Amino acid sequence: MKVEIKYAPQSLEDVVYPNKAVEMRLKAYGAGELEGNVMLYGPNGTGKTTMGRLLIQALGGATASVNTKTWDELMGIKDLRQYLLNAGVFASMSDSKKHFMLLNEFDEIKKGASKLWTALDACEDSVMAIITTNHPMDIDRSLRSRFDLIELTAISANNCLQRIQYILRAEGLDLPDAQVLYYLKQIEHMGDLRKYLKKADELLFINRSGLPFPPWTAVTPTLKVI
């Protein structure tokens with residue numbers, strides 16, 4: 001089984017964050033210390049969808065009230081405002097506490113933004129929308145203004161090292177941090193968490209096969225806090 005699947009994050013604690021500022025904000029939302037709608041934006045492979053899902057889990061628990069309708073189905077609802085108000089009321093009477101909407105790749109959606117933001121305004125804190133997007137400026141300005149925009153920048157090798165080492169060691173492979181960091185640095189230009197996890201799969205394959213690991217030179221691990 002690929003490590004991307006076997007070691008998929010189970011909580012916000014397991015997530016690889018691009019920097020400390022993003023980590024603090026996401027965890028504050030997850031703990032209920034911050035309220036409102038959230039827009040997670042950045043390049044592919046930065047964990048936007050995973051963070052959105054885990055944020056809902058942190059707030060609403062295993063039985064969170066989550067929208068299951070497609071965008072077209074939502075837009076087909078004549079009175080979206082009343083529909084979401086009802087969903088929020090029902091959720092408030094359950095362990096979920098509020099109704100959640102996770103809308104992925106929202107920059108590809110071109111119609112219906114005004115219908116959504118007017119409905120969200122009416123619901124206040126009973127409904128929380130989480131949007132993920134690569135291009136936030138392509139989203140309607142009025143809708144965008146109703147969200148807390150959180151930028152997820154490319155993932156650095158240093159930020160990913162701890163998670164990759166946890167996975168390797170859980171699979172019985174114990175390599176020095178400097179060696180693993182060197183391998184991760186070779187693909188750092190992609191900034192894609194999936195590529196780092198793929199590298200972990202490759203190292204585990206090499207280990208299982210009894211093959212020599214690629215040559216490497218020491219790279220000093222550093223943690224850049226923004």
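Is Cys123 buried or exposed? Cys123 counts as buried, because its relative accessibility is 4%. Buried means under 20% relative accessible area, exposed over 50%, and partly exposed in between (1.4 Å probe, protein chains only). This is a predicted model: local features need pLDDT of at least 70, side-chain atom pairs count only at pLDDT 80 or more, and totals for chains, interfaces and linings use all residues. Residues are numbered from 1 along each chain as its sequence is written, and side-chain values use heavy atoms, with hydrogens and water left out.

**Cysteines**

- The structure holds 0 disulfides, a disulfide being a pair of cysteine sulfur atoms within 2.5 Å.
- Cys160 has 0% relative accessibility and therefore counts as buried.

**Strand E4**

- Strand E4 spans residues 127-133 and is mostly covered, with 7 of its 7 residues buried.
- Strands (E, at least two residues) and helices (H or I, at least four) are DSSP runs, numbered from the N terminus.
- In a regular strand the side chains alternate between the two faces of the sheet.
- On one side of E4, Val127, Ala129, Ile131 and Thr133 are buried.
- Strand E1 (residues 37-41) pairs with E4 in the parallel sense over 4 bridges; two strands pair if DSSP finds at least two bridges between them.
- E3 and E4 also run parallel, joined by 5 bridges.
- Ile130 in E4 is the bridge partner of Val38, and Leu102 stands opposite Ile130.

**Aromatic pairs**

- The structure holds 3 aromatic pairs.
- Rings of Phe, Tyr and Trp (its six-membered ring) pair if their centres lie within 6.5 Å; planes under 30 degrees apart count as stacked, over 60 as edge-to-face and the rest as tilted.
- One of the pairs is Tyr7 with Tyr166: the ring centres are 6.2 Å apart and the planes stand at 90°, so the pair is edge-to-face.
- Tyr7 lies in the loop between helix H1 (3-6) and helix H2 (20-30), and Tyr166 lies in helix H8 (residues 157-170), so this pair ties together parts that are 159 residues apart in sequence.
- Tyr7 counts as buried because its relative accessibility is 13%.
- Tyr166, at 48% relative accessibility, counts as partly exposed.
- Trp71 and Phe106 form another edge-to-face pair, at 5.1 Å centre to centre and 85° between the planes.
- Trp71 is in helix H4 (residues 71-75) and Phe106 is in the loop between strand E3 (99-103) and helix H6 (113-123), so the pair ties together parts that are 35 residues apart in sequence.
- Trp71 counts as buried at 13% relative accessibility, and Phe106 counts as buried at 2%.

**Surface**

- Val89, Phe90 and Met93 make a nonpolar surface patch of about 360 Å².
- Patches are made of residues with over 30% relative accessible area and no salt bridge: like charges are joined within 9 Å, nonpolar side chains (Val, Leu, Ile, Met, Phe, Trp, Tyr) within 5 Å.
- A salt bridge is a side-chain nitrogen of Lys or Arg within 4 Å of a carboxyl oxygen of Asp or Glu.
- Accessible areas come from the Shrake-Rupley method with a 1.4 Å probe; for residues, only the protein chains shown count as cover.
- Phe90 is found in helix H5 (residues 80-92) and counts as exposed because its relative accessibility is 60%.
- Glu124 sits in the loop between H6 and E4 and counts as exposed at 63% relative accessibility.
- Glu124 and Gly30 are 94 residues apart in sequence and 18 Å apart in space, C-alpha to C-alpha.
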